Amino acid sequence: MAVNGRLRSGRPAHHFLFILGIAAIFSVSDIVTANSSISVDLFRRQQITRHRSESILAALADGNALSLTTPSSSSPQSRSRVYNVMDYGADPSGIADSTEAFKQALSDACGSPGDRRLMSEITDLGGSELNLGGGSYLISSPLTLPSNPVGNIKIHGGSLRASDDFPCERYVIELGFNSSESTYSIYNFEFVTLSGLMIDANYRGGGIVVINSLRTTINGCYIVHFTSDGIFIHSGHETLITNSFIGQHITAGAHPLEKQFTGIGIRLTGNDNIVTDVVIFSASIGILVAGQANILTGVHCYNKATAFGGTGIYLKLSGLTQTRIVNCYLDYTSIVSEDPVQLYVSGSFFFGDANVVLKSVKGVMKGVNIVDNMFSGLGGEGVDIVRLDESEGAFTAVDQVMVERNMVDNMRVRSTVAKASVQGNGTKWTVDFKPVLLFPNRIDHVQYALLSTGSEFPKHALRSVSDNMVVIESNVEVEATVYVHVEQRWK
């Protein structure tokens, strides 16, 4: 019974009438679903109506007030900042084009809730969310944020697939693709999160591009079927890419078309970015780095085998690398670094003859540490764990290079530190370090000890260091063992 327009439960009486209306919608919806001759468009609208009805009933159950307005009709200050694309007519089945629905939903999600700011001139959207609701959506043009700088927004929870007429060489999601249009801030966006998304570029272009943005997070994404880049980070600062899977073709290895793989899994041309716990399973290059002070951790690259012309990690910023590669897995794919300066590779596993190639462009190599890694080869003649590529000129400016303490199986050890011993009866002992030392004809430091087993106490001296060989001589013939330690570390 209603008392003063309210039910005994305390809710307004019109809530009861509204629930009856919702029940009627569900009844009609079931009839529509049972009718196999219904049109696809009507069936899609029925799905959207049912979804909104479920949301309203859930709000009633929680005791929240009803709002019967359309998503964009109430002011940003008075409504939830979570925008579900299905409320705008997006088709979660992926049959109809949902581009326009996404544009309207993004426009509303980027509406300013007030005058708060992040970095200078970047509008704080307060944690606005674009929720894909677990749907799979077909889009015919890139999803973009407005050209005026905004931040603190999240896009998550669904799949995006480029249509057959999606513009070539564009990206499914573009953050700042037309960054030249923005004159408000030194950064286009700040604190944008892309999470839980599957992005299928349908061999039309790329997956995600982030240009001149600050503190972007790409987390838990699965990006496939790109022709250019899975993820492209250009300029900007502090992008975090984590817990994601990236591949041009969907495979778990040994793909029949592996030799034809193209594209780049992740391209970094900005500074101070972090890539962690990411798998790149098909592309010509796993990660291309052309920016400074980036760190890669927990990355597994089995994109295109080096034997087929692929590269796991390519460091292309010659002369100022400043890159750390830690605890990664290079699976039949190598690391290539041009003119490495301040490069650190440690704690990583190289499998299937994968190695590190140091490529001379201008002949500079400074501050390189390749230490404490594991290398496992395929046997045969063996591949150098670290190789110098001097096809375009020799390294002429070398300083502070340390390659040592690496564990090696079925590959050739290369190091900048070596030790050996020789035993004999005579006046000369020669120790050859050519099979081990990284640089040819270069020994910067020698230590040796001569252990004589006879009664003689000979005089002895280091007589020659040439062509990576060390010669020790004594003044008298003696039975002795000579222990030698050499280094190539310093200028």
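Good morning. I begin with Arg-442, whose charged end sits over the ring of Phe-439, 5.9 Å from the ring centre. By this I mean that NZ of Lys or CZ of Arg is within 6 Å of the ring centre and within 35 degrees of the ring normal. A second case is Arg-267, whose charged end is placed over the ring of Phe-232 at 5.4 Å from its centre.

Some words on the source. The model is predicted, so local features need pLDDT of at least 70 and side-chain atom pairs count only at pLDDT 80 or more, while totals for chains, interfaces and linings use all residues. Residues are numbered from 1 along each chain as its sequence is written, and side-chain values use heavy atoms, with hydrogens and water left out.

I turn to the aromatic rings. How many aromatic pairs does the structure hold? There are eight. Rings of Phe, Tyr and Trp (for Trp, its six-membered ring) pair if their centres lie within 6.5 Å; planes under 30 degrees apart count as stacked, over 60 as edge-to-face, and the rest as tilted. One of the pairs joins Phe-102 and Tyr-137: the ring centres are 5.2 Å apart and the planes stand at 80°, so this pair is edge-to-face. Phe-102 belongs to helix α3 (residues 99-109) and Tyr-137 to strand β5 (residues 136-139), so the pair ties together parts that are 35 residues apart in sequence. Helices (H or I, at least four residues) and strands (E, at least two) are DSSP runs, numbered from the N terminus. Phe-102 and Tyr-137 are both buried. Here, buried means under 20% relative accessible area, exposed means over 50%, and partly exposed lies in between, with a 1.4 Å probe and protein chains only.

Another pair, formed by Tyr-222 and Phe-281, is tilted, with 6.0 Å from centre to centre and 35° between the planes. Since Tyr-222 lies in strand β12 (residues 222-224) and Phe-281 in strand β16 (residues 274-282), this pair ties together parts that are 59 residues apart in sequence. Are the two partners buried or exposed? Tyr-222 counts as partly exposed, at 28% relative accessibility, whereas Phe-281 is buried, with a relative accessible area of 4%. Elsewhere, ring pairs link Tyr-329, Tyr-332, Phe-349 and Phe-351 into a cluster.

Next come the salt bridges. Side chains of opposite charge can pair when their charged atoms come close. A salt bridge is taken as a side-chain nitrogen of Lys or Arg within 4 Å of a carboxyl oxygen of Asp or Glu. A search of the whole structure finds 17 of them.

Among them is the bridge between Lys-103 and Glu-100, with the closest N and O atoms 3.7 Å apart. These two residues are three residues apart in helix α3, and thus separated by about one helical turn. Lys-103 is partly exposed, at 43% relative accessibility, and Glu-100 is exposed, at 56%.

Which residues does Lys-359 meet in salt bridges? One partner is Asp-389, at 3.4 Å from N to O. Lys-359 lies in strand β26 (residues 356-359) and Asp-389 in strand β29 (residues 386-389), so the bridge ties together parts that are 30 residues apart in sequence. Both ends count as buried, Lys-359 at 12% relative accessibility and Asp-389 at 15%. Another partner of Lys-359 is Glu-392, where the closest N and O atoms are also 3.4 Å apart. Glu-392 is in the loop between β29 and β30 (397-404), so this pair ties together parts that are 33 residues apart in sequence. With a relative accessible area of 52%, Glu-392 is exposed.

I close with the cysteines. How many disulfides does the structure hold? The number is zero, where a disulfide is a pair of cysteine sulfur atoms within 2.5 Å. Cys-301 is buried, at 0% relative accessibility, and Cys-328 is buried at 4%.

Thank you for your attention.
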